[in-house]
Amino acid sequence: MKQKIVIIDDEKKAVETIKIIIDEYIPNCIVVGYAYSAFEGIKIIQETQPDLILLDIEMPINNGFDMLELIPNKNFETIFITAYDQYAIKAIKFSAFDYLLKPVSIQNLKNSIEKFTSEMLQKEIKRYEVLENVLSGSKPSKIALAYPKGVMYTSLENIIYISADRAYTTVHLVGGERVILTNRSLTEFETLLETDFFRIHRSYLVNLNHVKRFSNEDGGLVIMSNKDDILVSRRRRDLFIEKMNQKLRI
């Protein structure tokens with residue numbers, strides 16, 4: 001199945017050049033639409049539901065960043081294409097999949113899109129593996145964490161806890177590593193990791209295997225294996241203690 005791409009750039013020649021490169025050199029993708037402004041871009045994204053958008057930053061009236069802020073549910077990845085390298089840091093903050101400078105070379109664009117399609121394939125493989133596990137009655141032992149620069153595959157036992165802060169979800173791993181995600185909510189993780197994980201607060205989902213101590217301080221605190229203290233909400237406290245007691249009896 002080909003990945004759907006939308007090109008958004010106020011320069012008609014740039015759009016045509018990028019489309020030609022994709023058509024001739026990247027056979028596993030298809031351009032399903034293009035636009036010459038942020039307003040048109042939002043409309044074409046809604047109509048075509050692309051997997052990837054190639055987005056110019058500097059455009060009249062609203063720039064590429066403005067456009068992304070106006071889209072509530074971003075079910076696509078973004079590769080920024082611009083002539084101005086001072087936007088690089090802001091592009092990273094917007095969790096861009098990649099960032100290319102104009103004039104875009106065939107090889108650079110090909111490398112960037114092929115990297116994207118490769119990671120999409122890996123995600124699909126992982127989804128099927130999880131589905132097979134569910135249908136067979138077994139729980140997944142590993143999980144794929146897709147973040148702006150790639151995909152990390154980690155075992156569930158390496159996850160200490162997961163925290164949420166506005167649009168970001170952070171997975172805290174053994175060894176002090178953290179993976180910041182923008183494409184998965186805490187509720188999604190709670191549904192997927194229901195066996196050994198428990199939501200002790202609206203902003204925290206903890207791995208019960210990494211809980212080291214419960215303290216009555218501040219209304220209830222859980223001390224994790226990495227020594228982080230996490231607040232337990234009052235309404236979840238009794239259920240958490242019951243869950244831990246059940247686990248200890250196993």
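Me: What share of the 250 residues in the protein is buried?
Reply: Buried residues make up 46% of them. Buried means under 20% relative accessible area, exposed means over 50%, and partly exposed is in between, with a 1.4 Å probe and protein chains only. This is a predicted model, where local features need pLDDT of at least 70, side-chain atom pairs count only at pLDDT 80 or more, and totals for chains, interfaces and linings use all residues. Residues are numbered from 1 along each chain as its sequence is written, and side-chain values use heavy atoms, leaving out hydrogens and water.
Me: Okay, how many helices and strands are there in the protein?
Reply: The protein has seven helices and 15 strands. These are DSSP runs numbered from the N terminus: helices are H or I with at least four residues, strands E with at least two.
Me: Which residues are buried in helix H2?
Reply: H2 covers residues 38–48, and its buried residues are Ala38, Gly41, Ile42, Ile44, Ile45 and Thr48.
Me: And what do the buried residues of H2 pack against?
Reply: They pack against strands S1 (3–8), S2 (29–35) and S3 (52–56), plus helix H3 (64–69). Contact here means heavy atoms within 4.5 Å.
Me: New topic: where is Ile61 found?
Reply: Ile61 sits in the loop between S3 and H3. Its phi is positive, about 65 degrees, although Ile61 is not a glycine.
Me: Is Ile61 buried or exposed?
Reply: Ile61 counts as exposed because its relative accessibility is 84%.
Me: Last one: which residues does a cis peptide bond join?
Reply: That bond joins Lys102 and Pro103, with omega about -5 degrees. Pro103 is in the loop between strand S5 (98–101) and helix H5 (106–135).
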